[in-house]
Amino acid sequence: MNKDSIKHKSSLDFTIPERTNCVLLNKDCLELLKSIPDESVQLILIDPPYNLDLAEWDTFNNYISWASKWIEESYRVLSKSGSMVIFGGTQFQGEKSGDLIEIIHYLRHHTKFRLVNTVVWYYKNGMSAHRYFANRHEEAIWLTKTDKYYFDLDSVRIPYGEKELQEALRDKRLIPENVMKGKNPTNVWEIGRLNGNSLERVGHPTQKPLEIIRRFVKALSYPDSIVLDFFAGSGTTGRVCIEEKRNCIMCDTDKQSDMFFAKHIENMKKTEMNQPFIENDSLRSFFNGIKNRGTKEYIHQLQLNFEVPALTIPTSSYQRVANSAL
Ligand SMILES: C[S@@+](CC[C@H](N)C(=O)[O-])C[C@H]1O[C@@H](n2cnc3c(N)ncnc32)[C@H](O)[C@@H]1O
């Protein structure tokens, strides 16, 4: 195994920073994306809106032409070993709305992205239905730029039960060393949706469970790398990144995101996953914070010699200062 290649590294090969950096800006995704340097992001993880009502004369084509702009920028900012994850469903809701199938069609015919997996998120708890089969799944597509993508399967393996483990160890097709590490989670993930009284809830209507975000963050990014979520919502991705020692850039056009994220942090502090972090108020201070820390792996990966425009949080928004859990 070539340990010099990022492709074959695992989280254990990286220096764990004492604190990571994160920034949440009240911005439109395209404005933020344009200020991010080329190939600087390891993982883009987004849960986009699909039922945009852009204008009265709007047609579905406007959805894809809008999406194509952030897809193109995502390709530019993603590192060569990086991954992009897009959540979505396969049901379209109206003539103006988009869905994941349309995005896949666009990616396939108009971009150089490679599709690695479609993950089916299966949940047992959902809305009841009487006029159709009650929906119990959502999808997420995993895309990469090259075939040299970073993937740390070991960090997300699922331990075998005692009986299953004995059977797996007897199975000649399986490598005992890997069996001892646990099972590949496969591309069907059973993770419960957040119900109304879930302790994770911070009030955002489409908040994703921490567990599903955590699996992607751990497998597709490494400690101290940069994760980007430009449809941040409540900032679930940011919370997971802090807990898992990744740096995170987020934005959302909704001013309430700040409040939801503050609640996430409050919740995190009550758990054993709590980690110290620095919350930056601009993209420039975010990148400078990482650059000044200058871990060997990061400099190697990024050649940090770019100038980042100073995108700042508007003064009207809820301001937080550098936050320490220590
Ligand atoms: C499906 S939600 C994301 C929820 C998030 N995954 C969570 O766990 O909380 C999509 C978010 O995209 C935001 N949004 C919509 N259009 C946007 C744009 N042009 N730029 C940035 N954010 C946008 C919405 O305000 C919404 O909060």
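Here is a walk through the structure above, from the whole chain down to single residues and the ligand.

A word on the source: this is a predicted model, in which local features need pLDDT of at least 70 and side-chain atom pairs count only at pLDDT 80 or more, while totals for chains, interfaces and linings use all residues. Residues are numbered from 1 along each chain as its sequence is written.

Let us start with the chain. Its secondary structure comes to ten helices and nine strands, where helices (H or I, at least four residues) and strands (E, at least two) are DSSP runs numbered from the N terminus. Of the 326 residues, 36% count as buried. Buried here means that 20 or more other C-beta atoms lie within 10 Å of a residue's own; exposed means 12 or fewer, partly exposed lies in between, and C-beta atoms are placed from the backbone. Among contacts between residues at least 6 apart in sequence, 76% join residues at least 24 apart; two residues are in contact if their C-beta atoms, placed from the backbone, lie within 7 Å.

Next come the strands. In β3 (residues 78–88), ten of the eleven residues are buried. This strand has parallel β2 (residues 41–46) as a partner over five bridges, with Val41 opposite Leu78. It is also joined by six bridges to β5 (residues 137–144), running antiparallel, and there Val85 faces Trp142. Strands count as paired if DSSP finds at least two bridges between them. Elsewhere, β1 and β9 pair in the parallel sense over four bridges, and Cys22 stands opposite Glu279 in β9. From β9 (residues 277–280), Phe277 and Glu279 point one way and Ile278 and Asn280 the other, yet all are buried.

Now for the helices. An α-helix has 3.6 residues a turn, so residues three or four places apart point the same way. Helix α3 (residues 100–110) has Leu100, Ile103 and Leu107 as its buried residues. They cover an arc of only 60 degrees around the axis, which puts them on the same side of α3; the arc is that of the directions from the helix axis to the C-beta atoms. The face turned away from that buried side carries the exposed residues His105, Arg108, His109 and His110.

Helix α8 (residues 257–269) is a second example. Its buried residues are Ser257, Asp258, Phe260, Phe261, His264, Ile265 and Met268. These cover an arc of only 160 degrees around the axis, which puts them on the same side of α8. On the other side, Glu266 and Lys269 are exposed. What covers the buried residues of α8 includes β1 (20–25) and α7 (236–243).

Phe113 lies in the loop between α3 and β4 (114–122). Phe113 is buried, with 20 other C-beta atoms within 10 Å. Not counting residues up to four places away in sequence, Phe113 touches Tyr75, Met84, Leu107, Leu143 and Lys145. Phe113 and Met84 are 29 residues apart in sequence and 9.1 Å apart in space, C-alpha to C-alpha.

Finally, the ligand. Of the 17 residues around the ligand, Asp47, Phe231, Gly233, Ser234 and Thr236 come nearest; a residue is near a molecule if its C-beta atom, placed from the backbone, lies within 6 Å of it. The shell divides into five nonpolar, seven polar and five charged residues. In this count Ala, Val, Leu, Ile, Met, Phe, Trp, Tyr, Cys and Pro are nonpolar, Asp, Glu, Lys and Arg charged, and the others, Gly among them, polar.
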